[in-house]
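Please look at the structure before reading on.

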Amino acid sequence: LIHQSNPERGADILLTFPWTSKKNAFGVRGTDSVETTTGITASREGNLSGHGSMSPWNVRNTFFAWGVDFKRGVKIDAPASNVDLASTILALKGIDSTDLDGRVLVESFKEAPKKIKAKTRVFTTTGDNGYKAVIQVSTLGKQRYVDRSQRLN
């Protein structure tokens, strides 16, 4: 579901850190937990960084666009990713990008409809010893976006 099953460049091991929607010390939602060098699992505090998690706070991008072709003063909640930027820029230049991965972020264009709706699905898996995990994926057109994933128990 996250496009990692690639024999040439796929990872041998995938993992994600536990996360919550708690606010951090700066009032921003999204807190990851990490395994410390002391062997203790703890929430991140202070100015720490890492490789992130599959929380919605880490997998969502923030894009800003301005200019004569874009809407002004609006927040668009439609999913987007870095791979969408090339198609969007080419569309603004009138160049066909249908052979590229990604989609044109038409919802950001001045003349586009106010809302664009993604189809969202949740997949759950279970394993031995009570393991249970969930992943949420949104689709817009042919483009698929991972919204979040986490172990449930």
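The sections below go from the whole chain to single residues.

## Basis of the model

The model is predicted: local features need pLDDT of at least 70, side-chain atom pairs count only at pLDDT 80 or more, and totals for chains, interfaces and linings use all residues. Residues are numbered from 1 along each chain as its sequence is written, and side-chain values use heavy atoms, with hydrogens and water left out.

## The whole chain

The chain has 2 helices and 6 strands, in the order β-β-β-α-α-β-β-β along the sequence. Helices (H or I, at least four residues) and strands (E, at least two) are DSSP runs, numbered from the N terminus.

Of the 153 residues, 25% are buried. Buried means under 20% relative accessible area, exposed over 50%, and partly exposed in between (1.4 Å probe, protein chains only).

## A buried serine

Ser55 sits in the loop between β3 (41-43) and α1 (56-59). Ser55 counts as buried because its relative accessible area is 1%. Leaving aside residues up to four places away in sequence, Ser55 touches Trp19, Asp32, Asp147 and Arg148; a contact means heavy atoms within 4.5 Å.

## An exposed asparagine

Is Asn129 buried or exposed? Its relative accessibility is 82%, so Asn129 counts as exposed. Asn129 lies in the loop between β4 (119-126) and β5 (132-140). The phi angle of Asn129 is near 60°, a positive value in a residue other than glycine.

## The start of the chain

Leu1 belongs to the segment before β1 (19-23). Leu1 counts as partly exposed because its relative accessibility is 45%.
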